[in-house]
Amino acid sequence: MDKSQYLHPDKELMSRAEIEALQLERLQKTVRHCMNSPFYKKRFDSIGLTPDDIKSLDDLKKIPFTTKQDLRDTYPFGIASVPLEKCVRLHSSSGTTGNPTVILHTQRDLDEWANAVARCLHMVGLRPTDVFQNSSGYGMFTGGLGFQYGAERLGMLTVPAAAGNTLRQLKFIKDFGTTALHAIPSYAARLYEVMVEQGIDPRRDTKLKTLVIGAEPHSEEQRRRIEDMLGVKAYNSFGMSEMCGPGVAFECKEQNGLHIWEDYYIVEIVNPDTLEPVPEGEVGELVLTTINREGMPLLRYRTRDLTRILPGECPCGRHHKRLDRMQGRSDDMIILKGVNIFPIQIEKILLQFKELSTDYLITLETLEHNDAMTVEVEISSLFTDDYARLEKLTKEITRQLKDEILVTPKVKLVANGSLPKSEGKAVRVKDLRKTY
Amino acid sequence: MTIQQLSVFVENKSGAMLNILNLLKVEGIQLLAVNIADTVEYGIFRIICSEPSKAYKLLQEAGISVTLTDVFAIELDDKVGELARVLEIFHNESISITYLYSFLLNGKGIMIFRTADSDRTREIVILNKLKFIAERDLYSLV
């Protein structure tokens, strides 16, 4: 076998039995380590569970789930399993009114994260000779630093272009001979639009051959369109800040499902209502346990992402399970332009405007190739008959929403009573994007 | 000098104004003038009518976003250059007009307008002896 196509052949080529043996060893170690976490210690004590009770992978079921609410309740450092001085970085979710979540990393965590991302990038054929440009936002958004360190670990020349300024991105792509680009799918499409405007033919005028896309739900059709437009192979990436960020699961060259690195995570798919495991191959909520993390391991974390495990073997030789494309959420979280947004964040802002009624409607749609959010709000009693003041109100709502959710929505004032009422189960979000 | 105008928030969709007018019709409210601009998403439907307070109350009870606004009503002679003459007075005083529309009632031109500074506008109307119309007088012209 040609092992050069695997960055970590000892891990990537493990058989199922080897994977499971390693998982049990790492799970037991992780659970013991978690007893240093005030949160997990208390939780284990409350149900009389001890690390010694975890004798097989099946015993994982004895451990209660960890939820996003747990992360919020223990904000900022309550779940950590190491003293704070051992940590070297944190990533936090957005939000000024909502409860943010924080993930702490030790130096070892960052190293292992970089290794995982490097493995993903190597899997799709990237090598130290490649030039990797990252158009993610840096800072708290994990797609920035996550890919940065992973690409460096692999040894590529990296171009940390960060988000926005499309003309500058294009100049970098041309001048630096960028061969691989990480972008959210809607931005890849935007880049192509600008190329066309500038008379740039991506096949003739650039060296682009690989695109890494993720952080935003997209359909197979959308992927093929991006590949056609830019003349590249586009690979789906899956990650979330609670699990470090990118590098959790990634497509191999087969482009048929995302291998989830089972030396890092134990995967469960459960029915979101009963929390019981679903039959093999059926869609349910993805639950992940980190087994290669030091700073802040999470046990049975409910990701709220809906997906399934693809049955069968992958021709690439890896036995790490493959996740199907994410098929939605079991909560109301919206993923737009790589940013996670909860409707409650929007609601809290809107409630501060006494000019508005309590009803609102969020519409997500794909306009041209870009995903956009429209927030319709009802004007409760007309406080002015001046267009300028209504415009000012619209601008102020837009600004405050942008500060909270980090993307700029289109705010539309509508007449009182025209939106679904808040009594009962009002429809707050309409997702018209063709993604699932 | 000022009269009450109904200002109703209407979305740009078919039937939005009709709905308002039907509510007024049922209660026997008579329209004297209406005005709306062609903005993109919504409009402010401005209405001069008989019994504005009653109209306001009934629209509000119907859950419609409505407000009562005091607007100036000036009577103009029905002759060439009359509106220009009046606007020049305001221009000379550096008062800019927020919006303006006009209608004819029994052979009299009536100019409805608002400015950013109502107090100054009042003074100018008086000092220049412009023929203003009071609410009561307007409906007696009907």
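Biologist: What should I know before reading the model?

Modeller: The model is predicted: local features need pLDDT of at least 70, side-chain atom pairs count only at pLDDT 80 or more, and totals for chains, interfaces and linings use all residues. Residues are numbered from 1 along each chain as its sequence is written, while chains are lettered from A and ligands numbered from 1 in the order in which they are written.

Biologist: Into which domains is chain A divided?

Modeller: Domain bounds come from an automatic or database domain assignment. In chain A, domain 1 covers 84–331 and domain 2 covers 339–431. Their C-alpha centres lie 30 Å apart. The contact takes 11 residues from domain 1 of chain A and 14 residues from domain 2 of chain A. Residues count as in contact if their C-beta atoms, placed from the backbone, lie within 7 Å.

Biologist: What classes of residue make up the side of domain 1 of chain A that touches domain 2 of chain A?

Modeller: Ala, Val, Leu, Ile, Met, Phe, Trp, Tyr, Cys and Pro count as nonpolar, Asp, Glu, Lys and Arg as charged, and the others, Gly among them, as polar. That side of domain 1 of chain A has one nonpolar, seven polar and three charged residues.

Biologist: Now a helix pair. At what angle do H8(A) and H10(A) cross?

Modeller: Helices (H or I, at least four residues) and strands (E, at least two) are DSSP runs, numbered from the N terminus. Axes are lines fitted to C-alpha atoms, for helices over the stretch in contact, and angles run from 0 to 180 degrees between N-to-C directions. Helix H8 (185–197) and helix H10 (220–230) of chain A have axes that come within 10 Å and cross at roughly 30 degrees. H8(A) is therefore roughly parallel to H10(A). Angles under 35 degrees count as roughly parallel, over 145 as roughly antiparallel, 65 to 115 as roughly perpendicular and the rest as oblique.

Biologist: Is the crossing of H8(A) and H10(A) left-handed or right-handed?

Modeller: A crossing is left-handed if the near helix is turned anticlockwise from the far one by less than a right angle, and right-handed if clockwise. The crossing of H8(A) and H10(A) is left-handed. H8(A) brings A:Pro185, A:Ala188, A:Ala189 and A:Tyr192 to the contact, and H10(A) brings A:Gln222, A:Ile226, A:Met229 and A:Leu230. By class, that makes seven nonpolar, one polar and no charged residues.

Biologist: In what order do the strands of the four-strand sheet in chain A lie?

Modeller: Strands of a sheet pair through backbone hydrogen bonds, either parallel or antiparallel. Two strands pair if DSSP finds at least two bridges between them. The open sheet of chain A has the order E18-E17-E16-E19, with mixed pairing. Its edge strands are E18 (410–414) and E19 (429–431) of chain A. The twist averages 20 degrees from one strand to the next. E16 (356–367) of chain A runs parallel to E19(A), and three bridges join them. A:Thr363 has A:Lys430 as its bridge partner in E19(A).

Biologist: Which helix packs on E16, E17 and E19 of chain A?

Modeller: Helix H11 (343–350) of chain A does, and its direction makes about 135 degrees with that of E16(A). Helix H12 (387–405) of chain A lies across E17 and E18 of chain A, at about 135 degrees to E18(A). The axes of H11(A) and H12(A) come within 10 Å and cross at roughly 145 degrees. That crossing is right-handed. Among the contact residues are A:Ile346 and A:Ile349 of H11(A) and A:Leu401 and A:Ile405 of H12(A).

Biologist: What sheet does chain B form?

Modeller: Six strands of chain B form an open sheet in the order E2-E3-E1-E4-E6-E5, with antiparallel pairing. E2 and E5 (97–105) of chain B are the edge strands. The twist averages 35 degrees from one strand to the next. E4(B) pairs with E6 (108–115) of chain B over five bridges. B:Ile74 stands opposite B:Met111 in E6(B). Helix H3 (82–92) of chain B lies across E4, E5 and E6 of chain B, at about 115 degrees to E4(B).

Definitions and conventions. Two residues are in contact if their C-beta atoms, placed from the backbone, lie within 7 Å.
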